[in-house]
Amino acid sequence: MKQFLKGTFTAAAALSVLATGVIAEDTPKQGGTLVTVLSTNVRNLNSAVQSGIVTGYPGAQLFASPLRYDEDWTPQPYLAESWNVSDDGLTVTLNLAKNAKFHDGVALTSKDVAFSVDVIKANHPFKSMFAPVESVETPDDHTAVLKLSKPHPALMLAMSGQLMSIIPQHIYGDVPIDEVKTHPRNNENTVGSGPFKLVEYKSGEHVILERFDDFFIEGRPYLDKVVMRIISDPAARAIAYENGEVHMGAFESLPRIINRLKKVDGLTVTSEGYGGIGPLDWLAMNTTKGPLADVRVRKAIAHAVDKNFIRNALMQGTTDESRTGIHPDSPFYNADVEAYELDLDKANALLDEAGFPMNGGTRFALTIDFGWPGVKPQVEYVKAALKKVGIDVTVRASADFPTWAKRMGTMDFDMSWDTVFNWGDPVIGVHRTYNSENIAKGVWSNTQGYSNSRVDELMAMAAVENDMAKRTALYAEFQQIIADELPVYHVNTLPYHTVYSDKVGNPPLGIWGTSTPIDMTYLKD
Amino acid sequence: MQFLQTTLIRIFYAIVLLVAVLVLNFSLMHLAPGDVADTISQSMGGADQELLDRIRSDYGLDQPFLVQLGRYIAGVLQFDLGFSFFYNQPVTKLIMERLPATLLLVVTAQLLALFLGVFLGVISARKPNGLTSHFVTFMALFGYAAPVFWTGILLLIGFSLHLHWFPVAGMRDVTISGGFWVHFVDVLRHLILPMITLASIFLALYSRLARATMMEVLGSDYVRTAKSKGLSQRQVVYKHALKNSLSPVITLAGLQFSAVISGAVLVETVFSWPGLGTLAFQSIIARDTPTILGILFFSALVVIVGNLLTDIALRLVDPRLRGRS
């Protein structure tokens with residue numbers, strides 16, 4: 001009986017978690033100033049024209065989006081109180097909150113939604129998000145109807161978090177659509193409809209936000225003020241967490257610091273909240289030239305590079321394995337693919353078979369690039385690991401990011417360590433790496449020169465498949481082929497961690513992490 | 001009159017130097033592969049070719065090199081340092097927001113290093129082989145040899161993490177409110193660690209030089225005269241000898257002023273001090289040419305002004321220079 005009761009309670013608790021998406025430990029308290037941290041200067045606060053993780057956090061507080069996501073990848077109402085996708089998948093209707101206002105008191109209407117879609121289409125780097133949206137109709141002030149040229153399931157994630165910030169037409173409409181990205185109100189006196197309004201942005205110092213009293217969700221946000229201090233040195237940030245000077249920070253990525261902070265009383269360090277952004281580390285291989293054009297060589301390399309060494313020794317256990325181009329937290333992730341366990345005999349056999357016999361300890365030479373100093377250990381390890389199977393690797397350093405980006409974008413490389421983000425739906429951040437129509441179109445395009453008509457076909461089908469089960473199956477096959485043909489050897493997730501003090505109630509740990517409104521976050525006494 | 005002429009000549013040289021600095025750096029920045037469009041796309045998590053091309057045409061990066069250079073120099077001659085590609089703000093505004101913080105740090109650190117350096121130098125010169133002298137020399141050399149970021153982090157661990165005396169980063173605590181003095185004390189608390197860190201590099205130079213010149217001066221005839229007059233050791237050292245031993249130290253301080261500014265880049269980065277140093281660092285990483293050149297321009301100005309001030313200070317302590325140009 002006791003056991004039964006316990007089970008029931010657990011189920012009830014689980015249900016309430018599902019219903020609210022929040023673990024209700026105790027009742028949220030109103031008020032207080034939450035001090036958080038940003039690791040670099042914000043280029044632009046307007047998340048409709050500036051993507052990226054730095055803008056995501058302030059952007060999601062200033063601007064509201066139609067939908068939001070919690071931990072379980074199910075869309076939740078936000079600016080859109082409800083929504084409907086037509087049976088043919090070509091019409092998406094959003095019913096907007098009727099009391100939504102911008103921070104200057106002007107009501108938010110469907111016209112602003114239509115305007116924002118235009119601005120995003122013209123300025124945002126992720127063209128695939130709204131490419132199928134042909135027009136946005138506005139039958140009345142609180143209904144926006146998105147007309148699509150084809151079914152577009154990726155739209156759901158693209159309408160959430162920082163990806164679809166609704167910006168006020170009455171402020172940004174005074175310049176041509178494609179000049180909104182340099183609008184003076186992007187950094188000063190910025191006005192949105194999110195839970196917090198801008199008090200001050202001082203470059204290099206801080207972003208200060210305060211509670212928007214007319215926020216469209218009654219009783220929220222809980223915090224009076226949110227301070228985002230800009231502290232670029234990771235060691236200084238770590239001390240600030242330990243000291244209690246800063247309550248919360250995200251995107252901490254140095255394994256040494258993560259592991260140190262994990263031991264500090266009063267702090268929680270978690271890798272939850274990064275599934276949406278989906279950051280992955282991988283070994284990219286140029287499939288168009290030299291020995292790497294042979295898939296057996298690429299497989300041999302995968303067998304010779306020990307993922308476990310990278311994850312356990314170099315990353316000190318702070319990352320998860322990722323076997324495919326889709327982040328392991330994503331519902332589309334398929335772990336049932338070739339894992340390429342360390343096997344030097346197999347690697348040697350594959351290289352022999354590919355026609356590269358061992359000749360005085362060496363078979364052939366390759367180069368490896370890296371874009372930023374943080375991944376140098378991985379690159380040096382790859383060099384050492386491949387020496388064991390007779391591949392002589394030269395590490396090519398780049399002076400800075402643009403130097404490396406140029407090499408990647410023009411496919412002037414053999415191998416490179418690369419870090420690429422999923423950005424929600426695979427259509428947004430995954431397809432670009434494998435699509436044969438996207439070869440060598442700048443950094444983070446298909447820089448591997450990979451081309452497979454079946455892969456192209458699977459991506460095209462999955463992009464328009466509204467049935468979740470069918471879509472998952474298409475991506476499962478896609479991941480199998482990619483793992484088999486290895487244009488990229490997927491190694492691990494990025495060790496991004498969120499650090500927060502015990503004083504913080506309900507930290508943002510949904511799929512978009514801190515790139516979501518923190519209207520439910522509060523400070524305990 | 002002659003003084004005015006030399007000053008004018010120096011200002012002319014300074015302008016020539018400034019233009020040379022700008023042209024040289026513009027060319028160097030241009031030689032490196034890739035450009036700010038790449039870092040903008042990095043900050044956005046990627047961009048397609050179309051967007052990259054548009055960013056390049058928006059900022060005129062698709063123009064030939066000489067056209068870009070000509071436009072830039074023409075702008076600077078009209079006192080327009082241009083528009084930051086990366087931060088979408090006028091460079092002058094970006095720099096002006098940061099300049100006060102850097103000046104505060106650099107000037108206080110320089111003064112601290114100078115006064116403390118001279119003081120320690122004098123103490124150790126009085127008993128060159130005493131224990132104090134060795135200790136001062138050791139500490140000074142230690143500060144000089146230790147990397148700035150290491151000293152900074154050590155101070156942070158000691159005084160911020162364990163003792164809780166000073167805050168970790170930034171220049172002010174935005175959560176406090178109060179009058180002028182509350183904020184004054186707040187900025188001071190934030191200033192102390194970065195100031196000490198930056199001063200520690202230059203302390204060695206000044207104290208070593210002050211020690212050497214002081215020892216030389218203490219051996220000279222007029223000091224012996226002063227002593228035989230029956231003046232106390234204290235009076236001899238601080239009234240007679242010190243003034244004469246100062247001019248080499250001040251000259252060195254003037255020369256070191258540019259080094260202090262470059263030292264500030266690292267110190268500001270460690271302590272997230274919102275000055276030109278952090279901006280310079282971020283702009284270089286971002287390949288934001290107008291901002292980098294703007295910062296170089298302003299740093300050069302600050303160095304020139306610093307050198308002029310040094311000249312004036314030298315004339316104040318050394319009457320022999322006053323009559324000369």
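**Close-ups: rings, charges and a nonpolar patch**

Over all chains, the structure holds 32 aromatic pairs; rings of Phe, Tyr and Trp (its six-membered ring) pair if their centres lie within 6.5 Å, and planes under 30 degrees apart count as stacked, over 60 as edge-to-face and the rest as tilted. One of them is F142(B) with W150(B), an edge-to-face pair at 6.2 Å centre to centre and 65 degrees between the planes. This is a predicted model, where local features need pLDDT of at least 70 and side-chain atom pairs count only at pLDDT 80 or more, while totals for chains, interfaces and linings use all residues. Residues are numbered from 1 along each chain as its sequence is written, chains are lettered from A and ligands numbered from 1 in the order in which they are written, and side-chain values use heavy atoms, with hydrogens and water left out.

View 1. F142(B) is partly exposed because its relative accessible area is 41%, in between the cut-offs (buried means under 20%, exposed over 50%; 1.4 Å probe, protein chains only). W150(B) is partly exposed too, at 39%. F180(B) and W181(B) make another edge-to-face pair, 5.2 Å centre to centre with 80 degrees between the planes. Both F180(B) and W181(B) are exposed.

**View 2. A nonpolar surface patch on chain B.** F142(B) and W150(B) turn up again here, together with F135(B), F138(B), M139(B), F149(B), L154(B), I157(B) and L266(B), in a patch of about 890 Å². Patches take residues with over 30% relative accessible area and no salt bridge; like charges are joined within 9 Å, nonpolar side chains (Val, Leu, Ile, Met, Phe, Trp, Tyr) within 5 Å. A salt bridge is a side-chain nitrogen of Lys or Arg within 4 Å of a carboxyl oxygen of Asp or Glu. The elements giving two or more residues are α6 (131-145) and α7 (148-162) of chain B. L266(B) belongs to helix α10 (residues 233-271) of chain B, and L266(B) is partly exposed at 42% relative accessible area.

**View 3. An aromatic cluster in chain A.** F126(A), F251(A), Y274(A), F421(A), W423(A) and Y496(A) form one aromatic cluster.

**View 4. Arginines over rings.** The charged end of R43(A) sits over the ring of F86(B), 5.4 Å from its centre. R68(A) has its charged end over the ring of Y78(A), 4.7 Å from the centre. The test here is NZ of Lys or CZ of Arg within 6 Å of the ring centre and within 35 degrees of the ring normal.

Methods:
Areas by Shrake-Rupley, 256 points an atom, 1.4 Å probe, with all protein chains shown as cover. Helix = DSSP H or I, 4+ residues; strand = E, 2+ residues; numbered from the N terminus.
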